[in-house]
Amino acid sequence: MTKKKDSPARLLTEAELELMGILWKLGGGSVNDVLTQLPPERKLAYTSVSTILRILEQKKVVSSRKEGRGHVYLPLLNKEQYEATSLHHLVDRVFEGAPASLVRRLLETEDLSAADLQSIRALLNERLG
């Protein structure tokens with residue numbers, strides 16, 4: 001399997017990932033749109049959300065366009081791309097480049113349902129031909 005080297009700028013902080021999750025779900029949005037999607041217990045100020053979204057724009061993970069008095073932020077990086085980047089980083093850094101170790105740890109530590117295991121088996125069978 002050919003892997004691209006991960007760009008450290010593409011790895012997101014926890015707060016950045018939280019806001020990206022909202023943008024992925026919405027397809028894009030303003031600072032207010034993002035604020036309204038945060039869980040009630042998550043107290044982030046308008047200025048904090050705005051700052052994080054501008055950082056994401058600097059990282060070229062989102063783009064923005066002026067709309068009225070504010071901006072609308074649109075994901076440039078899709079969720080599947082970020083999952084792949086994060087997974088490659090995890091395998092390389094934590095599991096020393098051994099994807100089987102990641103799968104082994106997943107199977108040993110997660111409480112997987114029969115449906116999860118069946119789905120994993122089907123994916124493996126499909127991959128093996």
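Predicted model: local features only at pLDDT ≥ 70, side-chain atom pairs only at ≥ 80, totals over all residues.

Trainee: At what angle do helix α1 and helix α3 pack?

Mentor: Helix α1 (residues 14-26) and helix α3 (residues 46-58) pack at about 85 degrees, and their axes are 10 Å apart. Angles from 65 to 115 degrees count as roughly perpendicular, so α1 and α3 are roughly perpendicular to each other.

Trainee: How many salt bridges are there?

Mentor: A salt bridge requires a side-chain nitrogen of Lys or Arg within 4 Å of a carboxyl oxygen of Asp or Glu. By this rule the count is 5. One of them joins the side chains of Glu-18 and Arg-42, at 2.8 Å from N to O. Glu-18 belongs to helix α1 and Arg-42 to the loop between α2 (31-37) and α3, so this pair ties together parts 24 residues apart in sequence.

Trainee: Where do Glu-108 and Arg-105 lie?

Mentor: Both are in helix α5, 3 residues apart, or about one turn of the helix.

Trainee: Which residues form a nonpolar patch on the surface?

Mentor: Leu-87, Leu-90 and Val-94 do, with about 240 Å² of accessible area together. Val-94 is in the loop between α4 (79-93) and α5 (99-109).

Trainee: Is Val-94 buried or exposed?

Mentor: Exposed means over 50% relative accessible area; Val-94, at 53%, is therefore exposed.

Key
Residues numbered from 1 in each chain as written. Heavy atoms only, no water. Patch = residues over 30% accessible without salt bridge, like charges linked within 9 Å, V, L, I, M, F, W, Y side chains within 5 Å. Areas by Shrake-Rupley, 256 points an atom, 1.4 Å probe, with all protein chains shown as cover. Helix = DSSP H or I, 4+ residues; strand = E, 2+ residues; numbered from the N terminus. Buried < 20%, exposed > 50% of the residue type's maximum accessible area, 1.4 Å probe, protein only. Axes fitted to C-alpha atoms, helices over the stretch in contact; angles between N-to-C directions. Parallel < 35°, antiparallel > 145°, perpendicular 65-115°, else oblique.
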